[in-house]
Amino acid sequence: MQPPCAHEDTGLQLQALLEGQNYGAAAGDGTRCPAVPAPRNSPAVRDCLAVAVLCFGNLINFMDWFIVPGILLDIQKYFGLSDGKTGLLQTVFTLCYMLAAPIFGYLGDRYNRKVILGAGILFWSGVTLGSSFITESYYRIFVLSRGLVGIGTASYSTIAPTIIADLFEEGKRTTVLSIFYIFIPVGSGCGYMLAAGMAKSTGDWHWAFRVTPCMGGLALLLLILLVPPRIQRRTARHRALSISGTRRGADETPGVPRTAKTTWCQDVGSLAKNCSFVWSSLGLTAMAFVTGALGMWVPLFLYRAQLVQGIVPPCLQESCNSSNSLIFGGITVGTGIVGVVAGAEAARRLRKMYNKADPLICATSMFSSALCLYTALMVAQTSILSTFYVVTPRRQSTAIALQILLSHLLGDAGSPYLIGAISNALQARGAPSFQSSFRSIQSSFAICAFVGAFGGAFFLLTSLYIEGDRREAERP
């Protein structure tokens, strides 16, 4: 159900849009390690190892994000929650995530990014492990724990892409970032499958929250050992200044004098004047709204559709049927990989012929996904099978943080709760039944199809301004 451009928190997609003049010709360079054996301490090997660690961390990041949706029926039954209170779990997570993102964006542009990453991994892993011991009497503490996990994961999604951008030249950066972003749908799908698998194998959904902290500990160890402590931005201007012997403070931007350093508010003001940034951010917001709602509610929606059809019995035992989460997780992994690869390849090929290819590919994907989503919602009751950068380099972390803030504030921060609240209101209008519970969430989901269509329109508007903003970003 994800469009090819649907990379959650893809702030650096924008950088790809604006730096794209050289990407089309250079993307064929690839990012693979050299075929000729290289010393273990060579820069190429070091960079490949660093990217592998960051990709592994991104996998865990999104696995943790989608554990709750993977066992949503169990959690709802355990705490005795309505649809509205159930949606609040993901809304609190996303709100904390989004509010923390600008803070980490500010810190990432000024302080050691490796330290920030490590602290974030340690924090969210510890809180996730602690949440697995919360009993049914402490629902509010469970909600609080999800919010704290959101703060920890915000550090990773904001900082990790900028480290990759600093490690690679422009010709290779897009491809490496595409590989990094593949682990968003892969991690999301694995989160569903991990949660459902652990609940089914142990008979206790709490165990789903005890696996990712162990993986987080491994990621932290690899981060300490394999990611360099300080990474300088790789640009032609940077290399020229370095060769000439010019010394630069750790917090200085290549080619920018100390007197030209800007405050965070000035960076925001500059980005607000960038039409491509604004419209693409709104497009990402629409995408986030849809994916946030679907990611939270689809397994439960499918379960209710099966109840109406008489395929499965009501959940009365301790561990509810988790087959929908397993199937949906597998579909998310498969279609996510296909979408990312197809989108990146289409952009690489079309960008050579048409400079506006990137936003147009996203627009086409959003329009088509909105149509497919609406069709799936309408036939779900009878057939389950049918449902199945425009910114300068010195503002990278700030731009990513702003896109995270905007897309989540107006997107998936509210959509899980909104879908649940509308479902509650519709159910209250009639007598409780399996049919009414299914119809209520089906009607709520219809909003997502229309929001997806608006997202396509926003990406079309991005294409009108992309070339001019790209030239502006490339000015010295």
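Which helix contributes the largest share of the nonpolar patch? In this predicted model, local features require pLDDT of at least 70 and side-chain atom pairs count only at pLDDT 80 or more, while totals for chains, interfaces and linings use all residues. Residues are numbered from 1 along each chain as its sequence is written, and side-chain values use heavy atoms, without hydrogens and water.

The largest share, 5 residues, comes from helix α10 (residues 212–226); helices are DSSP runs of H or I with at least four residues, numbered from the N terminus. The patch covers about 530 Å² and is made by Leu49, Leu218, Leu221, Ile224, Leu225 and Leu226. Patch residues have over 30% relative accessible area and no salt bridge, and nonpolar side chains (Val, Leu, Ile, Met, Phe, Trp, Tyr) are joined within 5 Å; a salt bridge is a side-chain nitrogen of Lys or Arg within 4 Å of a carboxyl oxygen of Asp or Glu. Areas come from the Shrake-Rupley method with a 1.4 Å probe, and for residues only the protein chains shown count as cover. Leu49 lies in helix α3 (residues 43–65) and is partly exposed because its relative accessibility is 36% (buried is under 20%, exposed over 50%, partly exposed in between; 1.4 Å probe, protein chains only).

Ser322, in the loop between α13 (275–309) and α14 (323–351), is by contrast buried, with a relative accessible area of 8%. Its C-alpha atom is separated by 7.8 Å from that of Gly70, 252 residues apart along the chain.

Terms used: Patches are made of residues with over 30% relative accessible area and no salt bridge: like charges are joined within 9 Å, nonpolar side chains (Val, Leu, Ile, Met, Phe, Trp, Tyr) within 5 Å. Helices (H or I, at least four residues) and strands (E, at least two) are DSSP runs, numbered from the N terminus.
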